[in-house]
Amino acid sequence: MVNKRYLKNQGKYQRLLILRANGSLESKSLDVSFYHYDGSDEGERLAENLKAIFGRYSKKVGKVSDAPGVFVDNQSLFLARNMLPPITVLSLSDAVTTPTRHLVRKDQRALTRWIANGMLQDYADIEIEDR
């Protein structure tokens with residue numbers, strides 16, 4: 001279904017953002033990390049834009065890498081290889097699990113606003129090509 005819609009709207013801005021919740025998400029703060037497929041410049045740019053927006057409002061715990069991570073798990077690699085639109089994964093987990101990610105408060109409205117702002121920033125960064 002995703003590929004069919006992608007082909008139908010080819011040439012328009014299209015991205016596939018997957019939200020992955022790891023764990024029960026019961027703590028008051030969440031670790032947030034961003035991943036993209038190594039072969040997708042568009043997916044990487046969206047991950048970087050999301051990371052920049054979240055970076056403004058998060059507390060960095062430990063050493064946070066400047067670049068978003070690259071898919072390494074088989075499930076994400078399978079999706080990336082079989083979906084046509086550029087894929088970015090935003091992973092949320094309980095704050096106690098990893099010491100090297102962005103730590104954000106658990107606030108659904110704020111998370112929604114930051115994701116929307118990251119996608120709008122990504123859209124604004126597109127270089128317009130003359131056809």
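This is a predicted model: local features need pLDDT of at least 70, side-chain atom pairs count only at pLDDT 80 or more; totals for chains, interfaces and linings use all residues.

Author: Residues are numbered from 1 along each chain as its sequence is written, and side-chain values use heavy atoms, with hydrogens and water left out.

Reader: How many helices and strands are there in the protein chain, and what pattern does the chain follow along the sequence?

Author: The protein chain has four helices and six strands, where helices (H or I, at least four residues) and strands (E, at least two) are DSSP runs numbered from the N terminus. Along the sequence the pattern reads α-β-β-α-β-β-α-β-β-α. Of the 131 residues, 37% count as buried.

Reader: Why does T88 count as buried?

Author: Buried means under 20% relative accessible area, exposed means over 50%, and partly exposed lies in between, using a 1.4 Å probe and protein chains only. The relative accessibility of T88 is 0%, and therefore T88 counts as buried. T88 is placed in strand β5 (residues 87-94), a strand that is mostly covered, with eight of its eight residues buried.

Reader: What does T88 touch, leaving out residues up to four places away in sequence?

Author: With contact taken as heavy atoms within 4.5 Å, T88 touches L16, L17, I18, Y35, G43, L46, A47 and L50. One of these, L46, lies in helix α2 (residues 41-57) and likewise counts as buried, because its relative accessibility is 0%. Apart from neighbours within four places in sequence, L46 is in contact with Y13, R15, T88, G118, M119 and D122.

Reader: In what sense does β5 pair with β1, and in what sense with β2?

Author: Two strands pair if DSSP finds at least two bridges between them. β1 and β5 have seven bridges and pair in the parallel sense, with T88 in β5 as the bridge partner of L17. β2 and β5 also pair over seven bridges, here in the antiparallel sense, and Y35 stands opposite V89 of β5.

Reader: What makes the buried residues of α3 line one face of the helix?

Author: In helix α3 (residues 74-82), the residues S76, L77 and A80 are buried. Seen down the axis of α3, these buried residues fall within an arc of 100°, so they line one face of the helix; the arc is that of the directions from the helix axis to the C-beta atoms. N74, Q75 and F78, on the other side of α3, are exposed. The cover over the buried residues of α3 includes β1 (16-22) and β5.

Reader: How many aromatic pairs are there, and what is the geometry of the one formed by Y13 and Y123?

Author: Rings of Phe, Tyr and Trp (its six-membered ring) pair if their centres lie within 6.5 Å; planes under 30 degrees apart count as stacked, over 60 as edge-to-face and the rest as tilted. By this rule the count is three aromatic pairs. Y13 and Y123 form one that is edge-to-face, at 5.1 Å centre to centre and 85° between the planes. Y13 lies in the loop between α1 (2-8) and β1, and Y123 in helix α4 (residues 108-124), so the pair ties together parts that are 110 residues apart in sequence. Y13 is partly exposed, with a relative accessible area of 26%.

Reader: Why is the pair of F54 and W114 described by its ring centres and planes as it is?

Author: The ring centres of F54 and W114 are 5.4 Å apart and the planes stand at 75°, so the pair is edge-to-face. F54 lies in helix α2 and W114 in helix α4, so this pair ties together parts that are 60 residues apart in sequence. F54 is buried at a relative accessible area of 0%, and W114 counts as buried at 3% relative accessibility. Together with F34, these residues form one aromatic cluster.

Reader: Which residues have the most contacts inside the largest nonpolar core?

Author: A nonpolar core is a set of buried Ala, Val, Leu, Ile, Met, Phe, Trp, Tyr and Cys residues joined through side-chain atoms within 4.5 Å. The largest has 14 residues, and those with the most contacts inside it are V32, F34, F54, L90 and W114. At least two residues of this core come from each of β2 (29-36), α2, β5 and α4, and α2 gives the most, with five residues.
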